[in-house]
Amino acid sequence: MAKKITFSPAMIDALCEGSLADPLTPGLAIEVLKSGKKRWRYRRQVARQKVVATIFGGLFPAQSMAEAREWARELNSQTEAGIDPRAVQRAEKVRNEMTVAKAHGLYMIAVHEGRSSRAKRINKPRTIKDKMDVYNHDIGPALGNRNIYEVTERDLIKLVEAKGKTAKVRANRLAAELKVIFGWAASLRGLEVGLETDPSKRLGDLRFPEKARTRKLSHLELEWFLQALAEEERDFQRGMLLCLLSAARISEMARARSDEIVNGVWVIPSARAKNSFEHKIALGPWGRSLMQTNHEWIFPALTIDGPRNNSVWYKCRDRVLARMEKLAGHPIERFTPHDFRRTARSNTKRLKVDFETAEAMLNHVKKGMERTYDLYEMEDEKRNWFLKWEEEVASIAKRVGVAAALGAPGAQTSIGYSFTVRITKGAGGRPSYNFDTAKSRSGEKSSQTNARITFPQMPEKGHRPD
DNA sequence: CGTTAGCCATTACGAACCCA
DNA sequence: TGGGTTCGTAATGGCTAACG
């Protein structure tokens, strides 16, 4: 019979150097450190493998013998099953460190590399920025420090419902983004996070209602609009008219460049189009004159090198709308530049333009078989439409007496009521004045800005130039 | 006062789904 | 299977306050 007690707390106390194995727990031993402190140690060969795993435990007696044995038993169940407990520990460490913030960081890397979704295209910069905004504003502050494996469906629902209190549509976008992030982390694409269950799976069920806009301008409203627009500076006339005549998106108009005009056709490059399809707009003579400029940008900003900021167009709209209400004598429902697209689209039927052309005019993609087999770009049809629409708008302008003021073709020429003067250094250091109007414009190309002179006297309403 | 950043709302593509 | 509809989400538009 073996000695009854070969391993006890008393024996550990008595131990001064070296180590002592626990005869009852394979792999477990206590060892004396140089400092004299005693530490638990686990060392055992992993079953069916050539490797020996060594793991250090806590100090004795802070970690009692019973605790150490329990600890070692757990490790033994792993080594005996052929699992290296060090690998388990590493995985646990990674797991404990996988916060929502870290997982999101990995997700964003995947986004930049185009690995985030099934989509083939890499997200556009604005989309990526929007993703970051949603995270930084709504997800990070609430969940960033949480372990992603411990986030529950309830956590996410709470987040979306809280958002819904102040911004319903945005709450839908938040839910969508949560689905994208957690869905990725739980998918084969996001194995680096390796979420087992996706807590966002059912978030789509709490969608808040959304509604589409229906606003379009009637012909009567267009009359007021054109009259009101006639009092704007020429640049604003040009921009707003271009939106109306081309049915382009505001960003397509505002950031248009001179080199996009090829043989009189405005070619919006794929990079600037919402759907990444190049869009050719063959405008009529009026539209072409509106885009006429010697500057790099069709609508150059005043104080920076670049196009005017979008917001100026909304301010212009505000001024125009206020004048329209004065002309009408009653309030007019607010409209936006995008509503011009709807306005143009809703006029196609009346002007006997077919569905296909109408869709092509808006650069909408073809669906189904049409898309597969019909690669025809409908350039001639679009050209006809833009001319027809331009003549329609011009006739409205003529009817209310602002055709000339707006520079519509066929009307008597006018320089408008205001213009920009660009002052550049000419020969011998003398200032050179360049008049920036639709009709007269110096060939001087300059980005230095300059004085804007607006004539204080506005002609009377209905005034017709001689 | 023009420009920008931040936040909320719409538009619209394309894959999934569904039905004859 | 083709063709319409729904669903998920990408890609914009729209508004306002802050900034310099």
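Buried here means under 20% relative accessible area, with exposed over 50% and partly exposed in between, using a 1.4 Å probe and protein chains only. This is a predicted model, in which local features need pLDDT of at least 70, side-chain atom pairs count only at pLDDT 80 or more, and totals for chains, interfaces and linings use all residues. Residues are numbered from 1 along each chain as its sequence is written, and side-chain values use heavy atoms, with hydrogens and water left out.

Helices are DSSP runs of H or I, at least four residues, and strands are runs of E, at least two, numbered from the N terminus. In H13, the buried residues are Pro337, Asp339, Phe340, Arg341, Thr343, Ala344 and Asn347. They pack against H8, H9, H10, H12, helix H14 (355–361) and H16; contact means heavy atoms within 4.5 Å.

Next, the cores. A nonpolar core is a set of buried Ala, Val, Leu, Ile, Met, Phe, Trp, Tyr and Cys residues joined through side-chain atoms within 4.5 Å. The largest has 57 residues, and Phe225, Leu226, Trp266, Trp286, Met324 and Leu406 touch the most other members. Elements supplying at least two residues each include helix H13 (337–347) and strand E6 (265–268). A second, separate core of 30 residues includes Tyr135 and Leu195.

Last, lysine 38, in strand E3 (residues 38–45). What is the nearest side chain of opposite charge? Aspartate 13, 4.9 Å away; lysine 38 is buried yet has no salt bridge (a side-chain nitrogen of Lys or Arg within 4 Å of a carboxyl oxygen of Asp or Glu). Its side chain does reach the backbone oxygen of aspartate 13 at 3.2 Å.

How values were computed
Chains lettered and ligands numbered in written order. Lys, Arg positive; Asp, Glu negative; His and termini not counted. Polar contact = N/O pair within 3.5 Å; in protein donor to acceptor, adjacent residues only side chain to side chain.
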